[in-house]
Amino acid sequence: KNALLYALLIFTGSFILSQIFSSVIAPLSGFDEEILLEVMQDAMRGKPTNFNEIPGTNMYVLLSWFVGLLLFPLNVGFIYIIHKFNTGQPVSFSDVTVGYRQNTVNIILYYILTSILITLGLFLCFLPGIALAVLFFMGIPIVFFENKSAVDAIKKSFEVSKPHFLTLLGVIILGILITLSGLLLCGIGIMLSGMFIYAAMYSAYCAVCGTPYEIKD
């Protein structure tokens, strides 16, 4: 509850930045949102559609994903703020950007590697992707708090998650439901609930690995 204002700040800030980047990316990629809207309307009418045929779609998706990578460390900042509130430390605005000052390369690399593996798993009968999402759930706190490499974090997350697989699965499902619950409040509530999954991630890490040591950024 103490971190709600920071959750609002990070969520809305990331959204605004992504929109700004999107306005730049669209012309660069040749992507036309009006054409996308027309194709979506055709799909809703039951007409056969192929989104890959929209000019610039693949380049737009690739550039958007790259922007997401650049903004991802902000989520680590929220985890750090949750940690500070949990341990009774004073929180400052600069804590939002700690992910850009502490093991940034491995944070982004972990996100890239696990995203690829989970996506591949989802294409392989779906269930392997769900399993990997559970096993990699605590990896970001491991990378950040323990200052590990992306590969070492994947290994440790896999090892410590296996004995608690069903519990973590339940935590993720509940965390996602609470995160999405903000949509019920006219959609605006998602700005407050949208970061909850990272609070669940930190809590799971503390429960399994113990409360992190104090970070000095």
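This is a predicted model: local features need pLDDT of at least 70, side-chain atom pairs count only at pLDDT 80 or more; totals for chains, interfaces and linings use all residues.
Me: How many salt bridges does a search of the whole structure find?

Reply: Side chains of opposite charge can pair when their charged atoms come close. The criterion here is a side-chain nitrogen of Lys or Arg within 4 Å of a carboxyl oxygen of Asp or Glu, and the search of the whole structure returns 2 salt bridges. One of them joins the side chains of Lys84 and Asp95, at 3.2 Å from N to O. This pair links distant parts of the chain, with Lys84 in helix α4 (residues 73–86) and Asp95 in the loop between α4 and α5 (104–123), 11 residues apart.

Me: Are Lys84 and Asp95 buried or exposed?

Reply: Buried means under 20% relative accessible area, exposed means over 50%, and partly exposed lies in between, with a 1.4 Å probe and protein chains only. By that scale both Lys84 and Asp95 are buried.

Me: Which residue forms a salt bridge with Glu146?

Reply: The partner of Glu146 is Lys156, and the closest N and O atoms of the two are 2.8 Å apart. Lys156 lies in helix α8 (residues 150–161) and Glu146 in the loop between α7 (139–145) and α8, so the pair ties together parts that are 10 residues apart in sequence. Lys156 is partly exposed at a relative accessible area of 22%, and Glu146 is partly exposed at 21%.

Me: How many aromatic pairs does the structure hold?

Reply: A pair of aromatic rings is described by the distance of the centres and the angle of the planes. Rings of Phe, Tyr and Trp (its six-membered ring) pair if their centres lie within 6.5 Å, and planes under 30 degrees apart count as stacked, over 60 as edge-to-face and the rest as tilted. The structure holds 6 such aromatic pairs. Among them is the stacked pair of Phe72 and Tyr111, with 4.4 Å from centre to centre and 25° between the planes. Phe72 lies in the loop between α3 (57–71) and α4, whereas Tyr111 is in helix α5, so the pair ties together parts that are 39 residues apart in sequence. Phe72 counts as buried at 7% relative accessibility, while Tyr111 counts as partly exposed at 25%.

Me: Why is the pair of Tyr80 and Phe144 edge-to-face?

Reply: The ring centres of Tyr80 and Phe144 are 5.6 Å apart and their planes stand at 70°, so the pair is edge-to-face. Tyr80 in helix α4 and Phe144 in helix α7 are 64 residues apart, and their pair links distant parts of the chain. Both Tyr80 and Phe144 are buried, and together with Phe145, Tyr202 and Tyr205 they form one aromatic cluster.

Me: Where is Tyr205, and what does Tyr205 touch?

Reply: Tyr205 is in helix α11 (residues 196–209) and is buried, with a relative accessible area of 3%. Contact means heavy atoms within 4.5 Å, and, not counting residues up to four places away in sequence, Tyr205 touches Met138, Pro141, Ile142, Phe145, Glu146, Gly210 and Pro212.

Me: Which residues make the nonpolar surface patch?

Reply: Patches are made of residues with over 30% relative accessible area and no salt bridge, where like charges are joined within 9 Å and nonpolar side chains (Val, Leu, Ile, Met, Phe, Trp, Tyr) within 5 Å. Here Phe15, Ile16, Leu17, Ile20 and Phe21 make a nonpolar patch of about 460 Å², and Ile16 is found in helix α1 (residues 4–29).

Conventions. Residues are numbered from 1 along each chain as its sequence is written. Side-chain values use heavy atoms; hydrogens and water are left out. Accessible areas come from the Shrake-Rupley method with a 1.4 Å probe; for residues, only the protein chains shown count as cover. Helices (H or I, at least four residues) and strands (E, at least two) are DSSP runs, numbered from the N terminus.
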